[in-house]
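The sequence and structure are shown first.

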Amino acid sequence: MLAFDRSGSGVPLVFLHAFPLSRTMWDVNRSAFDRHFQTIAVDLPGFGESGLPEPGLTMEEMARQVAQTLEAAGITDKFVLTGLSMGGYVAFPFWKMFADRVRALVLVSARSAPDSAEARDKRFQNIALVEKSGVGPLAERMLPALLGKTSRESHPALVENVRSMIERQSPSGVCAALQAMAARPDSTPLLSTVSVPALVLAGEEDTVIPVAEMKGMAENLPRPEFHAVRGAGHLLSMEKPGEFHDLFLQFLKRRVL
Ligand code: MLT
C-alpha cells in the first residue's frame, strides 16, 4: 500500500505528483479543495513515505499500486484523476487499466509521447549522478527546469521548498523512477479513448514540455479543455495555486459535476 493523505468530503479528487517530488507538493492546493471535495494525494512507489519498489518498476506498475491503494482505502466513488508530469505519465496507464474508476482526467505539464533518445540519455546521466553523488546535485540540475523564470526570480521560498522536497527523496526511488520513465511506452494512442472530460493545463514558462506540445495533445482528446497559465513553469500548481484552483474548479463545475 502506498502512503497517502486524505481530507475533506464529497467527490474524490486524486492527485499524483511530479518527479522527483512527493505528495506534499499538493499541500498548497488541497486545503482550498477540501472545502467542497475529498482530496487524496498519493506518494508514488519509492517517493515520500511509500516504500521502495521491486526492481523493474514501470509506469503501469505505479498505476496498479495507486489503484490498489485507493481500493484498500475504500475510495469506491468514481474520482477525478490529476497527474502532474510523471503523475500524468502514470495517469495514462491508469486510464488504460481502470477507466471505469475515473470520472474526469486532469493532466498538468504532462506529455503522452515517450522519451526521445536524447531524453533517455539524460535519464541515464541522471541515474549515474544520483548513484555517485546522491539526490542533492540532481536537485541543483533540475530546479531551473522545474520552476519557471518568474518563480525563480520572485519566489525564493518556493525554490527552497522544492529543493528540500527533492533532497528528501531516496536515491534508489529516484533511480527506479528514472528507469521507468525512460522505458515508458507511447501513450498517444490512448488519447482518443479518453471518453471522460479532460482538462489540460500548461505553464507558459515550462521548458520541459512546451505549451504547443500540450495544446496538441489536448486536441487529440475527445472532450478536452486546455489552458496555458501565465507566469508559471512546469510545477504550475505550486507556482500559481490560485489560478490552478480556479481553472480546476471551473472545469469541474462546467464539465464534471
Ligand atoms: C516531472 O516533473 O515529473 C518530470 O519533469 C518528468 C520528466 O522528467 O519527464
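A residue is called exposed when its relative accessible area is over 50%, buried when that area is under 20%, and partly exposed in between. In this predicted model, Glu71 has a relative accessible area of 54% and is therefore exposed. Its salt-bridge partner is Arg101, with the closest N and O atoms 3.6 Å apart. Glu71 belongs to helix H2 (residues 59–72), whereas Arg101 sits in the loop between helix H3 (86–98) and strand E5 (102–108), so the bridge ties together parts that are 30 residues apart in sequence. Arg101 itself is buried, at 15%.

Across the whole structure, 18 salt bridges are found.

| Pair | N to O distance |
|---|---|
| Arg30 and Asp5 | 3.9 Å |
| Glu71 and Arg101 | 3.6 Å |
| Arg163 and Glu140 | 2.5 Å |

The bridge between Arg30 and Asp5 links distant parts of the chain: Arg30 lies in helix H1 (residues 27–33) and Asp5 in strand E1 (residues 4–8), 25 residues apart. Arg30 is buried, with a relative accessible area of 9%, while Asp5 is partly exposed at 23%.

Arg163 and Glu140 also form a salt bridge. This pair joins helix H7 (residues 156–167), which holds Arg163, to helix H5 (residues 136–146), which holds Glu140, across 23 residues. Arg163 counts as buried at 17%, and Glu140 as partly exposed at 48%.

Salt bridges with shared partners also connect Asp5, Arg23, Asp27, Arg30, Asp43 and Glu49 in one network.

Notes: Residues numbered from 1 in each chain as written. Predicted model: local features only at pLDDT ≥ 70, side-chain atom pairs only at ≥ 80, totals over all residues. Heavy atoms only, no water. Salt bridge = Lys/Arg side-chain N within 4 Å of Asp/Glu carboxyl O. Helix = DSSP H or I, 4+ residues; strand = E, 2+ residues; numbered from the N terminus. Buried < 20%, exposed > 50% of the residue type's maximum accessible area, 1.4 Å probe, protein only.
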